[in-house]
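Notebook open. I am going through one model and writing down each thing I look up.

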Amino acid sequence: MRRGQVSWRCEGRSLPASARVLCRALLLIGVLLFPAPRPAHAESLRVGIYQNPPKVFVDGHGSPRGIFVDVLDAIARREGWTIEYVHGTWPEHIGRLQRHEIDLLVDVSYTKERAEQFSLSHVPVLESWCDIFSRRGTRVESLRDLDGKRIAVLEGSVQEHYLRDEVRANFGIDFTLLLFPDYPGSVEAVKSGEADLLVATRFFSFSPDRPEGIVPAHVIFRPDNVYFAFPRGTGADLIAAIDRHLASMKNDQDSPYYRSLRRWLATQPEPMLPARVKAALAAGTVLLAVIGLFAFVLRRQVKAKTRELTRSYERLQATYAALRDSENKYRTLFEGSADGIFLMTDRFTDCNAQACRLWKCRREEIVGHSPAEFSPPLQPDGRPSDAAARERIERALAGEPQCFYWQHRAKDGALMDCEVSLNAVEISGRTFLLATVRDVSARKRAERKLTEANRALTARSMCSRALVCAMEEGALLEEVCRIVVDDCGYRMAWVGFAEPAPEKAVRPVAWAGAGGNALGTLRIRWGDDEHSRGPTAAAIRTGAPSIARDISVDPRFARPGEEAGGRVRVSVIGLPLLEGGVAFGALSIIAAAPDSFRAEEVQLLSELASDLAYGVIALRTRAARRRAQEELEEYRDRLEEMVRERTAQLAESNRRLEIANRELEAFSYSASHDLRAPLRSMDGFSQALLEDYGDALDEQARDYLGRIRASSRNMAELIDDLLSLSRVSRSEMRVEEVDLSAAAESILTTLARREPGRSVRWAVAPGATARCDPRLIRIVLDNLIGNAWKFTSKVPEARIEFGTAREGGRAAFFVRDNGAGFDMEYAGKLFNPFQRLHAAGDFPGTGIGLAIVQRIIHRHGGTVRAEGKVNGGAMFLFTL
Amino acid sequence: MENRIILLVEDNPDDRELILRAFRKHTIGNPVVVAKDGAEALDLLMGPKAYDPAAIGFVLLDLKLPKVDGLEVLRRLRANERTKLIPVVILTSSKEDKDLIEGYRLGTNSYVQKPIDFNQFSEAVRQVGLYWLIVNVPPPS
């Protein structure tokens, strides 16, 4: 309800003209008796005034009048200022103010545009609203009735802007605006029928410019406050002084401010003096005699009427005071409330100071606007705010009181959780909604924090139990997801394992809750592409928890071809599952509300994820150990079996070898004894024949006997060689450090001594040693050096060399000569037993030597090879 | 002294003949008693009608013998107090390590391999005979 509008109107109408005249006279006397003192240090203010009684106007004598003039004069008196009033039309003053030609303009309503253009005082001078005036009998009940009308308004006024910019658009109606520089012009237009209606502030009701026939429709709209305006850049001191005085006067019922209000708003408009005076004079002239006759009667009647009027005036004053008290009381309740209180239809028509504090804006920025403008586009439950608000308002208007939670958004964008109640009330026959809004953000936050911490704590403790009982990884992950969703109230939970590069896929392995089955189709990855932007991927990449507090507006969730607004409003957290600081997967949890996952909840869930990772690793280790143990047991069983088989095989082959060895031994033994005996007989008896019967035999017979004997000896040699070869294989090895150089030197010396006729130069590399069987290696060197000696027998300057070399990374030894050599084509045959590359006549020998050499070298694990060239010498190289 | 007996233990008649021929050739006139196997040799050395050990110049012992082999004969000879000092010369085809080591271990006085070449064979027999009958001083009886 606007302050006291009904009572003031009644007062203004019923006060008789005589009382008005009385008041004026008194005021005139007051002014004459107490002229304004000259200011000590004169500050001259040029003040723009125009014709808008009773707020401000110039009376018939050219003097500035009205509420603003009274207020300004009172302030000037106190401050010692000189005021020069500059008269003009409203548009002229706006121009002057812009050009700094005046210092102050009165009667300025707040608009954003003006607030930017000028400096406005802060304490309102008057509370104002707009009203529609029309010829009596014209039906105007609401703003809709402006449709199709011609409307007279003051040019450049807030009414003009409001009608043109807002009413037309918001009410879907159309009308013609006729602009006038002053009110008399507008009135004339209405009177003449050029305009249907006139739109002005409520003060026009009290204006002398308003003829009796033009009446207010009491359609109240665009309530606002009226201030003083100053040119941009005016000193703060001036504005502050005016604000200070005004505030102080508004606190004092007897101040010039209230006196002025009472004076101007309690009186009827001043009559059109010249016309009335003429009429009175004419009537006076005509009725002079009659007046003389009825003077006495009239005086008595006037006296009685005056007394009656005085009583009526006193009664009205008392009623006014009572009304003011009541109004003050309710105003205090209204303004003092800790809740925001609004009066509204589908838009706000009024609000209290707490409402302004709540939404951090001026009353003007609330009034005329809809609740949806102070709400986020979507409510936490995902419903669009405007639709939801409309539904609540309609139900409240239908008589069903509404009480509900609502998320509001203050002017600065801050969101607040509120408890809202809507109740329909009747005021002046119209239905309004009384809305109270209580900010419960703090309580909501506390409740929510508790709920969130509770669910996280429950999740952690239940998952800990699951971990202790877990036997198998997959079942554990499923159980944890199930607990998180079913027991703790999260919307969804899933676990994904990170696949290695290059795919870097996140493979879902367990999930619970809504939408889990669609996980596979999301193809989430943890690399750098558009599939890797969510918290799950980020958690795996960074090894730290990653949170999206509202995926509907989080750009990381925007996917090609998908509108962000179409997504549900949920929060998502990705928690890394770490092993040695590296994430092998992630536990992702979705909470049904945006802005979830605050510090405490994140801490608890991180601990849960850490426990889970530990559990998974422990299960894997346990499984791996079990597998390894099983494999080991299996392997051991197989090994034992193998060992048994192999042992049996070895025993068998050993037994066979033993038998073979025994047989070989027996054979060798037998060969050694028995094969030689016949040879001895052949040789012996051939010799006996030669000795005893030599004379009886001719030359040829003796030659034959000689051949028998030679063959016997040859045969004996072969047998000896065979036995040596066999002995080399059978003899036991006895390995020690052997000085090969010394052995070679000794062999050569022996050979030289045995055949002093030979001239052989030899060279033995000093210090060649090897770990080997000394007896067997002696046989090797005997053979190799013996061969070299033998095959150089036909070379004039024989040379034999023993030295060391490297062969396949191993130490090698060689015996080289410049003797007969051999054809490399047969090199492979050299080491076969009884293989000879030279005729026995050229070089003696059975061809068993190199076979023995090879067998000994092989028994030492070494190799032996030969290089040579016919008549180009030979080299035998061996390793041990 | 001059007439001490040579006990020839040899199963091969050819070898027996060649050895006797060698003795003859080198005019070694000592009586030669032949045993054709080990058992016979033991009988002659330790049997009821055994020769007086002091009468035996030396035993020429083949190793590979029927019935009781040469090394066994040697072992029993050496094991017997009465015969253990009798000089024994092993004369055999083999020069297998096994035979050499076992022969010496059992206490042979000499080991000679029979050469194939009869000249060498005959020479070896001569040297052995001269050595053990003339050069060597036998143990006291």
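How do α3(B) and α4(B) run relative to each other, roughly parallel or roughly perpendicular? I am working on a predicted model. I looked up the two axes first. Helix α3 of chain B covers residues 70-79, and helix α4 of chain B covers residues 97-106. Their axes come within 9 Å and cross at roughly 15 degrees. Angles under 35 degrees count as roughly parallel. Therefore I put α3(B) and α4(B) down as roughly parallel to each other. I also checked the hand of the crossing: for α3(B) and α4(B), this is left-handed.

**Salt bridges**

Next I turned to charged pairs. I note that side chains of opposite charge can pair when their charged atoms come close. Over all chains, the structure holds 65 salt bridges.

Entry one is Arg99(A) with Glu101(A). Their side chains meet in a salt bridge at 2.9 Å, N to O. I looked up the cover on each partner. Arg99(A) has a relative accessible area of 52%, so I log this residue as exposed. Glu101(A) comes out at 36%, which counts as partly exposed. The cut-off for exposed is over 50%.

Entry two is Arg655(A) with Glu652(A). This salt bridge is 3.1 Å, N to O. Both residues sit in helix α19 of chain A, which spans residues 599-693. Because they are 3 residues apart in that helix, about one helical turn separates them. Arg655(A) is partly exposed at 44% relative accessible area. Glu652(A) is also listed as partly exposed, at 28% relative accessibility.

I looked up Gly57(B) next. Its place is strand β3 of chain B, residues 56-61. The relative accessible area of Gly57(B) is 1%, so I mark this residue as buried.

Leu63(B) followed. I found this residue in the loop between β3 and α3 of chain B. Leu63(B) is buried too, because its relative accessible area is 1% and buried means under 20%. I checked its spacing from Asp14(B): 49 residues apart in sequence and 16 Å apart in space, C-alpha to C-alpha.

**A nonpolar patch on chain A**

Last, I went to the surface. Which residues form the nonpolar patch there? I wrote down Val286(A), Leu287(A), Val290(A), Leu293(A), Phe294(A), Phe296(A) and Val297(A). Together they have about 710 Å² of accessible area. Helix α11 of chain A, residues 288-336, gives the largest share of the patch, 5 residues. I took Leu293(A) as one member to check. Leu293(A) lies in helix α11 of chain A. Its relative accessibility is 68%, so Leu293(A) counts as exposed.

Terms used:
Residues are numbered from 1 along each chain as its sequence is written. Chains are lettered from A and ligands numbered from 1 in the order in which they are written. This is a predicted model: local features need pLDDT of at least 70, side-chain atom pairs count only at pLDDT 80 or more; totals for chains, interfaces and linings use all residues. Side-chain values use heavy atoms; hydrogens and water are left out. Patches are made of residues with over 30% relative accessible area and no salt bridge: like charges are joined within 9 Å, nonpolar side chains (Val, Leu, Ile, Met, Phe, Trp, Tyr) within 5 Å. Accessible areas come from the Shrake-Rupley method with a 1.4 Å probe; for residues, only the protein chains shown count as cover. A salt bridge is a side-chain nitrogen of Lys or Arg within 4 Å of a carboxyl oxygen of Asp or Glu. Helices (H or I, at least four residues) and strands (E, at least two) are DSSP runs, numbered from the N terminus. Buried means under 20% relative accessible area, exposed over 50%, partly exposed in between (1.4 Å probe, protein chains only). Axes are lines fitted to C-alpha atoms, for helices over the stretch in contact, and angles run from 0 to 180 degrees between N-to-C directions. Angles under 35 degrees count as roughly parallel, over 145 as roughly antiparallel, 65 to 115 as roughly perpendicular and the rest as oblique. A crossing is left-handed if the near helix is turned anticlockwise from the far one by less than a right angle, and right-handed if clockwise.
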